[in-house]
Structure formats: C-alpha cells, structure tokens
Amino acid sequence: MSSNHSIKEILESRSSVRAFTDKVIDGQLIDDIFTSAQRSVSNCNVQPWQSRVVTGEMRNRLEKELLAQILGGAEPTPDFDWLPRYKDVHRERQFGSANALYGAMSIERTDKRARQASMLRNWSFFDAPHVVFFCMDKYLGIMGAVDMGIYAQSLSLLMEEQGISSCMQGALGQFPDPIRDALEIPDDQGILFGMSFGYADGNAAVNKAKTNRANLGDAVQFYS
Ligand SMILES: Cc1cc2nc3c(=O)[nH]c(=O)nc-3n(C[C@H](O)[C@H](O)[C@H](O)COP(=O)(O)O)c2cc1C
C-alpha cells in the first residue's frame with residue numbers, strides 16, 4: 001500500500017481522518033513505522049516520547065471506560081496544562097476548522113447535541129482499530145512537548161506514506177485516569193495527547209472536511 005509520494009505531495013493531499021474502517025494494520029508494519037519514527041529529532045537527543053500503542057481488547061476496554069467517565073459527567077483532569085484558549089486570528093482559525101468539520105457533516109452551528117455527539121467520537125477513537133497515547137515525563141513541560149510534536153508528525157507522515165490515516169487528538173489527554181490505570185503508566189509520566197490511526201473510511205462525510213492554511217506572507221517573513 002506504499003504510496004511512493006513525496007513529503008510535499010503527502011502534505012498537500014493529507015487531512016485528519018475521523019472515521020476509519022475496522023481493518024487492522026499488519027503488526028510488522030506498525031513496528032516498522034514506530035522504528036522509523038525513532039529517528040525523529042529532539043532537543044539534545046533526549047527522545048522524551050514514551051508511546052503506548054493500543055489495539056484489540058485493550059482498545060475496546062479504554063473506549064468503554066473513557067466514555068463511561070465522560071458521560072458520567074467527569075471534568076477533564078489533563079496531566080499537562082495546554083487547554084487552548086485562542087485569541088484573535090487563532091480563534092478565527094479555530095472556528096474555521098470547526099466549521100470545516102461540522103460543515104462536512106451537515107451539522108448546524110446551533111445543533112449542540114450533534115456537535116457534542118461528534119466531539120464524543122474522539123473517545124471512541126473515531127472507530128479506528130489503533131490508538132497511540134503520547135506520554136512523557138511530566139517534569140519536561142514545554143521542552144518535551146516540542147519534541148513530542150515533531151515525533152508525532154514523523155509518525156503521521158510515515159503512516160500516510162503507507163496509506164494509513166490518522167488524527168492527532170488533544171482530547172485524548174483530557175481524561176488520563178482510566179488510561180493510566182489500564183496501561184499502568186507511572187505517576188511521573190503524563191499523557192500529552194494521542195492519535196487514532198488506521199485505514200480511512202472513504203464513504204464517511206466527516207472525512208470530506210478540508211481545512212485551509214494562511215498564505216505564506218502571513219506566516220513567514222524573509223530577511224536579507
Ligand atoms: C496537537 C493536536 C491536537 C489535536 N486535537 C484534536 C482533537 O482532539 N480532536 C480532533 O478531532 N482533531 C484534533 N486535531 C486535528 C486538528 O484539528 C487538525 O489537524 C487541523 O484542524 C488541521 O486540519 P487537517 O489535519 O485536516 O489538515 C489535533 C491536531 C493537533 C496537531
């Protein structure tokens with residue numbers, strides 16, 4: 001299923017996928033992808049990532065426990081404080097991405113119930129058969145978070161190269177307790193975020209969502 005696409009082509013064609021088929025990825029391929037991602041750069045080569053890749057019965061157990069906790073009214077208790085409160089242009093872009101998502105699903109702005117139901121799908125891992133939780137030592141804070149983002153991007157591009165789709169999910173760091181218990185994550189490690197991955201459901205409306213990007217001039221200034 002290797003695409004033979006360049007990184008440029010992958011970046012131009014990819015998008016986050018939020019509906020997956022139940023087709024399981026070959027275990028050796030998952031191993032190879034995570035092995036290649038080990039080559040990611042990190043500050044002083046500290047490689048802070050401690051990934052927990054979950055599938056099968058454990059995946060189903062976590063889905064059940066997370067949904068029970070959230071539907072039971074639990075408040076988020078993230079290990080790391082990065083709940084985004086965006087301002088100005090960032091807020092506009094946040095709205096833009098939500099509109100792309102709900103627009104693709106024909107969910108009205110005022111339809112709170114449908115929006116909540118769609119949000120809840122985060123903790124069903126969007127039906128993906130695989131999910132990875134990105135953990136790191138809590139003391140690392142922003143230093144480690146930079147490296148974690150780079151590592152996650154490596155994984156996501158390596159997956160795309162193999163025809164595997166993914167969605168990075170801050171939502172998966174919001175209710176760490178059931179995950180910590182089930183996966184026996186030590187107290188000095190935290191779950192920063194997660195990523196569901198698998199084969200995209202080509203028929204799902206949600207996967208038609210396309211986000212845009214700012215123009216080069218709004219993001220990069222060149223000096224000489
Ligand atoms: C760190 C991070 C956290 C994210 N958290 C979520 C999330 O919790 N749920 C979700 O549906 N998408 C999440 N996303 C996906 C973004 O919304 C998405 O990447 C962005 O809107 C750009 O769209 P695209 O990936 O389709 O190009 C996250 C992305 C990143 C990088």
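Predicted model: local features only at pLDDT ≥ 70, side-chain atom pairs only at ≥ 80, totals over all residues.

**Exercise 1. Find which residues are closest to the ligand, and which side chains place an N or O atom by a ligand oxygen.**

Solution. 
- Step 1: Start with the surroundings. The ligand is surrounded by 14 residues, and the closest are Arg 14, Ser 16, Arg 18, Gly 170 and Arg 213.
- Step 2: Sort this shell by type. It holds 4 nonpolar, 7 polar and 3 charged residues.
- Step 3: Look at secondary structure. Strand β3 (residues 165-169) gives the largest share of the shell, 3 residues.
- Step 4: Check the distances, using the cut-off of 3.5 Å for a polar contact. The side chain of Ser 16 has an N or O atom 2.6 Å from an oxygen atom of the ligand. For Arg 18, a polar side-chain atom is 2.7 Å from a ligand oxygen, and for Arg 213 the distance from a side-chain N or O atom to a ligand oxygen is 2.8 Å.
- Step 5: Finish with the cover. On its own the ligand has 620 Å² of accessible area, and the protein covers 69% of that.

**Exercise 2. Describe the second largest pocket: how much space lies in it, and what lines it?**

Solution. 
- Step 1: The volume is about 160 Å³.
- Step 2: The lining has 11 residues; His 5, Ile 10, Ser 13, Arg 14 and Glu 160 lie nearest the centre of the pocket.
- Step 3: By type, the lining divides into 2 nonpolar, 6 polar and 3 charged residues.

**Exercise 3. Work out how far apart Lys 8 and Glu 12 are along helix α1.**

Solution. 
- Step 1: The whole structure contains 5 salt bridges.

Note on methods:
Residues numbered from 1 in each chain as written. Heavy atoms only, no water. 1 Å grid on protein atoms, 1.4 Å probe; cavity = no way out; pocket = protein on both sides within 12 Å on 5 of 7 lines; lining within 4 Å. Points joined across faces, edges and corners; volume = space filled by probe spheres on them. Nonpolar A, V, L, I, M, F, W, Y, C, P; charged D, E, K, R; others polar. Near = heavy atom within 4 Å. Polar contact = N/O pair within 3.5 Å; in protein donor to acceptor, adjacent residues only side chain to side chain. Areas by Shrake-Rupley, 256 points an atom, 1.4 Å probe, with all protein chains shown as cover. Helix = DSSP H or I, 4+ residues; strand = E, 2+ residues; numbered from the N terminus. Salt bridge = Lys/Arg side-chain N within 4 Å of Asp/Glu carboxyl O.
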